[in-house]
Structures are given as structure tokens and as C-alpha cells.
Amino acid sequence: MGRNQLSLTLPPFGATQIRLLEKVSNAQAVSGDESDVRKIVIETIRPFVDELKVDALGNVLAIRHGSGETRLKVMVAAHMDEVGLMLTSEEEKPEGFFRFEVIGGIDQRYLLGKSVKIAHQDKFGVIGTKPIHLTTPEERKTSVNIDSMRVDLSGYTNKARIGDRATFATQFQRFGDCIRGKALDNRLGVVALIELLKQPYPNLDLMAAFTVQEELGLRGAQVAAFALNPEMALVLDCTPAYDLPLEIEDPDHLPENTHYNTKLNHGPAIYLADHATLSDPRWIAHLVQTAEENSIPYQFRQPGGGGTDAGSIHLQRSGIPSVSLSTPGRYIHTPAAIASLFDWKNTFYLAYLALQSLTPDILNHER
Amino acid sequence: MKTSEIKSILKELTSTPALSGHESALHSTLNHLWSPYLDEVSISRVGSFQALRRGTSTQPCPELLVTAHMDSIGLMVSAIQDGFLRFTEIGGIDPRLLPGQMVTVHGKRDIPALIVQPPSFLLPVEFQNGIVTLHSLWGDCGLPPEKVNQQVAIGDLVSFDQPFLEFENDMVCSPSLDNRASLAALTYCIYELVNRQPAWDSWFVASVQEEETQAGALTSTFQILPKLAIVVDVTFANSPGTPSHKTFPLGDCIALGWGPTVHPYLYKTFQELADQLEIPYKIESFSRRSGTDADSLQLVAHGIPTMVVSIPLRYMHSAVEVVSIKDIQRAGRLIAEFIAGLEIDYLEKIKWDETN
Amino acid sequence: MKELIKTLVETNSPSGYENSIRQVIRHNIEPYVDEIKVDALGNLLCVRHKEGALKIMISAHMDEIGLMATHVDQNGFVRFIPLGGVYPHHCIGGRVRFLNGVSGVIGVERTTTPQEIPSLDKMFIDVGAANAQTAQIKIGDVAAFDRPFLDLGKRWVSKAMDDRIGVAVLIETLKQLQNSVFEIYAVFSVQEEVGVRGATTAAFGVAPDLGLALDVTATGDTPKGIKMEVELGKGPAIKIRDSGMLADPRIIHWMIQTAEQASIPYQREILEFGGTDGRAMQLSRSGVPAGVLSIPCRYVHAPSEMVDSEDVENAILLLSELLNNPPKLEFLA
């Protein structure tokens with residue numbers, strides 16, 4: 001099939017989806033405290049699914065049954081949580097200053113001088129910094145430790161409490177073919193999974209898991225996979241694009257970035273291996289074949305560190321063949337990430353077409 | 001229960017060393033303390049002690065798990081050279097505490113020994129002016145090499161030889177108070193429930209290997225598949241040199257865990273109950289992990305709503321851990337009242353807000 | 001048996017890509033078992049049935065450490081990541097072979113001093129190509145270390161002794177063993193080197209009453225080596241602990257008793273790093289009493305790993321004895 005033919009049958013993916021992305025990107029769901037995003041997910045998917053529940057950890061598990069006779073049970077997971085902060089203790093004097101810990105991998109060099117929003121409350125705090133005039137040149141060469149940073153909430157009389165979570169106060173923005181916002185890791189995956197659930201798949205029982213606590217070590221997906229007990233699993237996530245230029249040391253030899261992980265605008269990234277998973281080769285072949293037959297651009301994420309929910313999913317019960325598919329995002333785990341609408345849309349289409357064309361035959365071969 | 005009774009229970013519980021992986025020595029103590037008041041006792045396939053207090057509900061009874069680990073840290077013989085012993089650690093031990101430490105080597109019989117640091121001119125160069133790592137410390141049994149070779153083998157356990165100390169107030173000192181203090185709290189709770197009629201089935205589990213792999217809590221939870229779980233462990237009490245924002249005052253309060261490991265509705269229930277009973281508590285917030293059995297237990301099978309209750313303890317993972325009996329009573333009483341008051345339909349309430 | 005070992009170690013099958021080794025093992029074990037299955041992750045499960053008997057899972061991992069290509073640069077040099085515990089000092093000048101047949105050598109970027117050992121991301125594989133187009137390697141291609149079996153008489157050397165020697169012991173034991181008191185699940189597990197993944201799902205599927213892993217362990221008998229009491233040639237080792245597990249004391253006792261009764265030499269093993277399939281079995285479901293029978297091996301994870309043939313013979317003897325002498329574990333009845 002050529003691309004033109006398919007565009008007739010492909011579900012729409014455009015302005016409506018971007019509006020939903022804006023809503024979930026601005027919502028707050030630090031790992032362990034995902035309720036705001038969970039609410040939106042449940043509202044949105046309820047009309048499209050046959051079964052819906054929230055489990056003991058807060059994962060949203062939803063099943064959409066297919067109509068065919070033989071149906072593969074396929075889990076598709078996207079984590080709802082994001083990196084952020086937790087307030088851990090309040091200074092006695094002056095009041096309103098909180099110590100905090102970061103949740104998930106945030107580079108401490110990104111924190112100084114940023115504003116944060118306290119979850120479930122309309123309160124903004126700032127992570128203050130010493131004025132440059134009062135610092136020594138030596139101090140300016142070293143990074144400030146989180147232990148000596150505070151969130152300043154002294155502007156409120158009714159203070160936040162210890163244990164409250166906070167995120168960067170970034171607001172979602174679209175510019176041209178790109179989007180910028182906090183938590184694009186992994187609200188891009190969440191919206192893609194919501195859209196997948198809106199479509200029927202005669203060949204599958206589609207088991208969607210909107211998972212919690214991924215950033216804390218793939219925790220939610222573990223129990224979700226055990227409960228759903230699927231035959232295969234696909235994880236939708238967001239992975240860094242480090243496709244930045246290198247500094248030129250030697251003008252005769254232009255440096256080549258060999259450690260880009262993924263590149264923006266090169267299409268969805270198929271995982272081969274990361275720290276937590278060696279992707280199932282049958283899945284990889286299926287995704288590649290689907291992309292090539294339908295002229296959907298794709299790239300392989302460079303094998304390397306990191307991990308997605310697939311890491312805990314594939315080890316559940318007697319093993320679940322799993323793979324991850326990510327939309328590249330620059331600067332994820334910082335106040336704002338940048339992603340490409342082209343990559344995101346094609347992530348959705350590749351996942352959609354791969355699911356539509358999946359048959360039980362894929363499991364006839366040994367891994 | 002009186003302070004003196006709890007002290008004697010604690011003394012009994014700490015008198016048996018039960019290092020991680022080798023906890024069976026504690027089974028008879030627990031059997032003696034618990035089984036008269038409970039309905040069923042069993043040992044799990046990896047050695048956790050499991051005891052059931054049946055609920056009164058005539059409907060199928062939901063099951064609650066209350067667990068505290070029973071293993072403790074210590075050392076293990078890793079080599080024998082000219083009658084001197086080398087060690088490896090079980091659990092996490094700061095080697096700076098070890099020179100001069102009296103220990104018992106559990107060989108063919110129990111042998112007293114002393115851990116010594118060789119004089120600097122006998123040490124490898126890198127240790128001569130600094131900290132000596134565990135690999136360069138020796139254990140001296142004061143026996144000739146033949147006797148040592150006869151009595152001791154690689155893999156033999158080594159525990160701290162430190163008597164139980166009772167102070168004038170309600171504080172006590174002993175090795176293994178992490179986590180026998182929590183087992184004492186479970187014992188308190190079991191006794192409190194004797195004349196109560198809880199609706200739920202309650203499993204009291206003394207779990208194995210928390211200090212290493214959390215094997216006991218993982219596997220007993222899989223076996224029992226409880227609807228709720230409460231993990232009792234110790235947390236850091238403050239003392240000079242510890243950061244005040246990461247520690248709790250000893251004898252003043254217990255700590256209620258809050259973070260991704262704890263179900264927020266369970267936390268709320270415990271908090272309200274503690275307020276109502278006027279049991280002093282502080283929130284122990286952990287942004288990632290609780291550092292207790294709860295971290296793995298929560299993820300068993302379909303996932304378990306979990307609560308963490310902690311007892312402040314000074315000098316954790318040393319031979320001279322210190323706790324306050326008052327805090328043990330507080331933890332035991334709070335959990336007993338929680339169990340006694342647990343409605344049969346509590347699970348309906350624990351649902352996440354958004355599903356309603 | 002030497003021929004079997006040679007075939008096993010010379011088959012290239014790094015973690016996650018166990019297809020070829022699985023075929024070799026299947027071919028060799030088929031006559032000695034009743035049933036063979038392959039699970040979702042690729043573990044090879046071989047069953048010898050015995051109605052009503054205790055079910056023992058014996059696991060030997062069939063994967064080996066290796067490399068995976070992450071990028072081919074414009075001049076044809078291949079960047080890579082390790083699959084499993086590959087150490088930089090073992091790599092420099094090493095030869096590798098990709099599963100598609102392409103061979104190469106490992107080179108390094110310049111270092112500040114000749115003594116410096118650069119990290120793996122400063123290394124690359126040179127496959128003799130002039131540019132990316134002729135390199136015949138793409139992202140995700142997998143390579144194993146290229147080193148043939150070396151017979152030093154009593155001692156044998158090769159890459160992938162970890163854990164093909166365990167695989168050989170298991171195959172050979174089943175070949176020799178007529179009867180057993182157990183129902184035997186011989187599991188040739190995948191992805192051990194990346195975190196005992198295969199044994200995790202295999203143990204869940206098998207749900208054994210007892211677990212025993214067969215794997216290599218390090219030794220402390222080389223000049224200024226690690227502080228460890230296990231030596232080559234002093235018999236198979238009975239694991240007491242490693243950093244992944246405390247072996248079940250009842251299993252340790254059973255193994256020691258059995259070895260002593262049968263006069264088989266053995267050593268007590270404390271390994272202060274590493275982990276085996278034993279951990280995965282111990283933590284599975286409601287818990288499994290589990291232990292490890294180790295074959296002492298020098299230079300573990302180097303491309304030349306050395307074992308002693310007598311240790312291997314004695315490991316087979318001890319495993320056979322164990323399979324005929326059940327442990328006393330009342331609660332399992």
C-alpha cells in the first residue's frame with residue numbers, strides 16, 4: 001500500500017490531539033501522585049473501552065475487545081508520571097522555605113532560578129539563587145547542590161505541606177511544527193495511547209495501561225502487566241534526542257556526533273536494547289515491516305542506557321515479548337522539552353498500523 | 001502492656017542472632033511469643049514466620065498483612081589464615097565501627113572473637129593512614145590455628161557480642177533492634193487484639209532477608225496475596241551529627257511513611273486514627289523508595305495498597321542500636337487499633353478518587 | 001565431552017540472541033529428556049517427568065557476553081555498547097565476530113598516557129571498511145568475542161566458558177543419569193548476563209519446589225588476584241553467598257552432605273560480587289529453596305576463561321548424586 005491510499009483510512013491526528021496534549025502537559029503528575037492526569041485519561045477513554053479500572057498503585061487499566069474470533073491479547077503501555085520535586089521539610093526560620101528532593105532524573109544544574117507549581121494547589125514557588133553580585137568567581141564555577149537549594153513559598157500564608165509534590169511551572173506552547181512543554185516525556189505517549197483506544201481492532205484485545213511510577217524504576221508497569229497478563233506488549237514513551245552539534249576542536253576533521261540517541265524529525269524511534277530490555281526481535285521486525293510497507297519514517301534508538309516500562313513488563317509471569325516505540329524529545333527531564341509534531345504523529349500511525357496488522361502468527365516463531 | 005514486659009520481650013527477641021538468610025533460630029521464640037494468641041502458624045518456603053489471626057466476619061474475610069523483617073545484619077567468615085579470620089558483611093556495615101568489636105563466631109560451637117585492625121606497618125600501603133576496609137581487618141579467636149580450622153569454616157556466621165542494656169528511662173540498647181523493635185511492636189499489637197474482634201483476617205509475618213534481597217516479604221506477599229499491607233520497620237532517630245531534617249526525635253513519636261510506596265488513602269486513615277488516639281507521629285516523606293520491605297512488597301502480583309509505620313532508632317546498623325519502648329508501644333497500639341476498627345467494606349473506600 | 005564443550009563455547013550467542021546456541025543444545029539434549037519447550041523469552045525448558053516427585057529446576061544460562069553496534073561513522077568505524085559485563089581492559093586489540101559473519105578488531109581513541117584504560121565509549125570496532133556503506137553493519141547488530149577453544153591438557157580455555165561449561169555439565173549429567181528422585185526441569189536460560197532475566201520468567205513458569213543454578217564462579221588463586229578462597233582444580237564450589245543471594249542454608253547443607261558422603265571434593269564459595277539464576281529462582285512466586293553449584297573459572301568475562309577438567313567431572317558427579325539423594329525439607333512434602 002502506498003502512503004496516499006492509507007491517508008484515506010488513517011484516523012485523524014492533528015489539532016484535537018494537540019489540544020489534548022496541551023491539557024495533559026500542563027497537568028501535574030509527579031511519580032507517585034498521578035491523579036490529575038489519571039482524571040483526564042479516564043474521562044477521555046471511558047466511552048471507548050469495555051473494561052476500565054484503577055489498580056492498587058493507581059495505574060489505569062482499560063481493555064477494548066476486538067470483534068474477531070482469534071484475538072491476540074496485546075498490552076500497550078504509556079506512563080503517566082513525570083519527574084518533579086517533593087517538599088521534604090520546612091525551615092524553621094525564615095518560614096516558607098522548603099527543602100526538597102528531586103523525583104526522577106533531573107540534572108541539578110537545571111533547577112536554579114526556576115519557578116515551580118505545587119500539585120493540586122494554585123501555588124507557585126521559586127527556587128531562588130544568590131545574586132551574581134554576591135557570588136565569588138570560584139563559586140560560579142561549581143554547580144549548586146540540591147541540598148542547599150530551597151523552594152520559596154513565603155508568598156503564601158497557607159503553606160504547602162511536607163510531602164507535597166511540585167513540577168516546573170512551564171506552560172505548553174506550539175511553535176511551527178514543534179511543541180514545547182514540560183512532561184512531554186511521556187504525555188506524548190499518553191495522548192497517542194488515548195487515540196489508539198478510540199479505534200477498533202478486530203484482531204486484538206487491546207489492553208491499555210496508563211502506568212504510574214515509571215520514573216522511579218518502572219514500578220507501575222510491573223503490576224499492570226501481571227494483572228493484564230497479555231501475550232505481547234508495546235510501550236509508547238518519549239526518548240531523548242541528543243542531536244546537537246559538537247564543538248569543533250580541529251577544523252580539518254569535522255566532528256561526528258556518534259552519541260545522539262535519536263534525531264528530531266527522523267520519525268518514531270524503535271528500541272533495540274536499553275539498560276532494562278533487549279527488545280523482542282519479532283516485534284522489531286514487525287514494526288520495521290509495517291513502517292516500510294506504509295512509508296512511515298522510523299529510526300532505531302541507539303542501543304544504550306535508560307529503560308522504559310518494557311523493562312518490567314517483559315519479565316512478568318512466564319515472560320511477555322515486548323518492545324518500545326518512542327517519540328524523540330530534546331531536553332526531556334528539564335523545565336521544557338521540544339518535540340516534533342511530525343515524529344509524534346508518525347509514532348501514532350506506526351503503532352496504529354502495527355497493531356492493526358498483528359496476527360497470532362507472530363508468536364509461531366521462537367524468539 | 002507494661003514497659004517492663006515489652007523490655008523483656010525485646011530482650012528475648014534480641015537474644016537470638018538471626019542474620020539474613022539464617023533466621024530459623026528465631027522461629028521458636030516467635031512461636032512461643034505469638035502462637036498462643038493466634039489461630040494458625042506456618043513457615044514459608046524461604047523461612048519467614050507467618051501467623052494468622054482470624055477475623056470475625058462471616059462473609060469471606062479480606063486479608064491484611066502486617067509484616068516486619070526478622071533478620072539482622074552481621075558478618076560471615078570468608079577466609080581463614082593462620083587461625084585468623086577474614087569477614088564479609090551481611091547487610092550494610094560501616095567498617096569504621098569494627099575495630100575492637102567483640103563478636104561471636106557461630107562455628108561448630110559458639111566461639112568468642114575480637115575484630116582487630118593490624119598496626120599500620122602491616123597494612124597495605126593504601127590503608128596505612130586512612131580507613132581500613134573489611135578485607136584487611138582480622139578476627140582473632142585466641143585459639144591455635146588447628147583449633148580454629150577444626151571449629152570454624154568459610155560461611156560461618158558472626159554476630160555482635162554486645163549485651164542487652166536497659167537504661168534508667170524507657171530506652172534500651174542492643175544489636176538487632178533493627179528490626180526486633182518492630183517485631184516487639186507486632187507482639188504488642190497481637191496482645192492488644194486478644195480481647196478484640198477484628199473483622200478482617202490478619203497475617204503477622206516476620207520476614208526474612210530484608211537486609212539483602214527482601215526475599216521474605218516478596219514471597220510471603222505472593223503466597224498470601226493480601227488486600228492491604230502494613231510494613232513496620234525502624235527509621236533514623238536524631239543524635240548529634242545527624243541531619244535534623246532526616247531524623248526523628250527518640251521517644252517522642254513514631255513516623256508515618258508518605259511517598260510513592262504508600263497508598264495515600266491508607267496514610268490518611270492512619271493519620272486520622274493517630275490524631276484520634278492522640279498518638280504522636282511525624283510524617284516521614286520519601287520521594288522515591290521507603291528503604292523497607294514495602295518497596296518490593298507493594299509490587300507483588302496485581303499490586304498491594306501499602307502503609308509504612310516506623311519506629312525511630314539511633315545508631316542503625318551498629319552493635320549499639322538504641323530505641324525507646326514508648327515508640328514501640330505507640331506503633332503497636334496504632335496498628336492494633338487500625339486492625340480492630342477495619343470495616344469489612346474498607347476496600348470500597350480505598351478506591352482512587354477519580355474512579356467514582 | 002571435550003567435543004561437546006568445544007562446540008558449545010565456539011557457538012556465538014550473546015544475551016538476547018540465543019537462537020544458535022539453543023539449536024545446538026536442543027540437538028544434544030533431545031535424546032535424554034521427555035519434553036522440550038521454548039518460552040516467550042527464548043528459554044529452553046527440558047523436562048524429565050516423574051509423577052508425584054519433587055520438582056527441581058536446574059538452570060544453566062546459555063547466553064554469553066557480547067557487544068551491540070550503536071553507530072557506524074562515515075569512515076566505517078563501529079561504535080558499540082556491551083551486552084552484559086564487558087570490561088574495557090579485556091577489549092583493547094580484541095577480535096569480535098558479528099552474527100552476520102562480519103569480523104573486526106577493537107580499537108581505541110588516543111589516550112593521555114599509555115597506561116590509561118579508556119572506557120568502552122572511547123572504543124570502536126574496525127571491520128576493515130572504508131566507509132559506512134561498505135561496513136555491512138547497522139545499528140543493533142550483535143557481536144561475540146572471537147576466540148577458539150584451547151586445550152591445555154587438564155585445563156581448558158575459551159570465551160563463553162561462562163556459562164557453556166554449566167550447560168555442558170547439565171547435558172552430560174542428564175546423559176549419564178538413568179534415574180532420579182526428582183521431576184527434572186533442565187532450563188537453559190537466556191539473558192542471564194544482563195540481569196538474570198530469563199531465569200526469572202522460567203522460574204515463574206516452572207514453579208519448582210527446589211532450584212539449583214549451574215554457573216561459573218571466580219577464583220582467588222592467581223598472582224595478586226581477588227581475595228577469595230576458591231581455587232581451580234579443588235573441586236566444584238558450593239555457593240554460600242554472592243551479591244545477588246544468600247543461598248538457602250538447607251540446600252547448602254544438602255549439597256555438602258551429599259558431596260561428603262560420595263567423597264567428591266568441593267569448596268565453599270563466598271563471591272563478593274555477581275549473581276546467578278539462583279537468585280531468580282529463590283525470589284520466584286512464594287519463594288523457592290535455592291542454591292548454586294559453581295564451576296571455578298579463572299578470568300571470568302575475559303575472552304579467555306579457564307576451567308579445570310577435573311572440576312567439571314566432579315561437578316557432573318555431584319549433580320548426579322544430588323539428583324539421587326533428596327534433601328530433607330519437611331514443609332515441601
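Student: Which residue just after helix 5 of chain C takes a positive phi, and of about what value?

Tutor: That residue is C:Ala207, which follows helix 5 of chain C and has a positive phi of about 50°. Please keep in mind that this is a predicted model, in which local features need pLDDT of at least 70 and side-chain atom pairs count only at pLDDT 80 or more, while totals for chains, interfaces and linings use all residues. Residues are numbered from 1 along each chain as its sequence is written, chains are lettered from A in the order in which they are written, and side-chain values use heavy atoms, with hydrogens and water left out.

Student: What makes helix 5 of chain C largely enclosed by the rest of the structure?

Tutor: The helix, a DSSP run of H or I with at least four residues, numbered from the N terminus, spans residues 197-206 of chain C, and eight of its 10 residues are buried, so the rest of the structure largely encloses it. Buried here means under 20% relative accessible area, as computed with a 1.4 Å probe on protein chains only, with exposed set at over 50% and partly exposed in between. The buried residues are C:Arg197, C:Gly198, C:Ala199, C:Thr201, C:Ala202, C:Ala203, C:Phe204 and C:Val206.

Student: Which elements cover the buried residues of helix 5 of chain C?

Tutor: The cover includes helix 5 (219-228) of chain A and helix 5 (215-224) of chain B. From chain C itself come, among others, strand 3 (54-61), strand 12 (182-189) and helix 7 (277-282), where a strand is a DSSP run of E with at least two residues.

Student: Why is the pair C:Arg22 and A:Glu366 called a salt bridge?

Tutor: The term requires a side-chain nitrogen of Lys or Arg within 4 Å of a carboxyl oxygen of Asp or Glu, and the closest N and O atoms of C:Arg22 and A:Glu366 are 3.3 Å apart, so the pair qualifies. Chain A and chain C have two salt bridges between them, together with 11 residue pairs in polar contact, that is, with N or O atoms within 3.5 Å, one able to donate a hydrogen and the other to accept it, residues adjacent in sequence counting only if both atoms are side-chain atoms. The side of chain A that touches chain C has 12 nonpolar, 10 polar and seven charged residues.

Student: How many residues make the contact of chain A and chain C, and how much area is buried between them?

Tutor: Chain A gives 29 residues and chain C gives 29, contact meaning heavy atoms within 4.5 Å. About 2300 Å² is buried, with 56% from carbon and sulfur atoms; this is the accessible area (1.4 Å probe) that two parts lose on being put together, summed over both.

Notes. Nonpolar A, V, L, I, M, F, W, Y, C, P; charged D, E, K, R; others polar.
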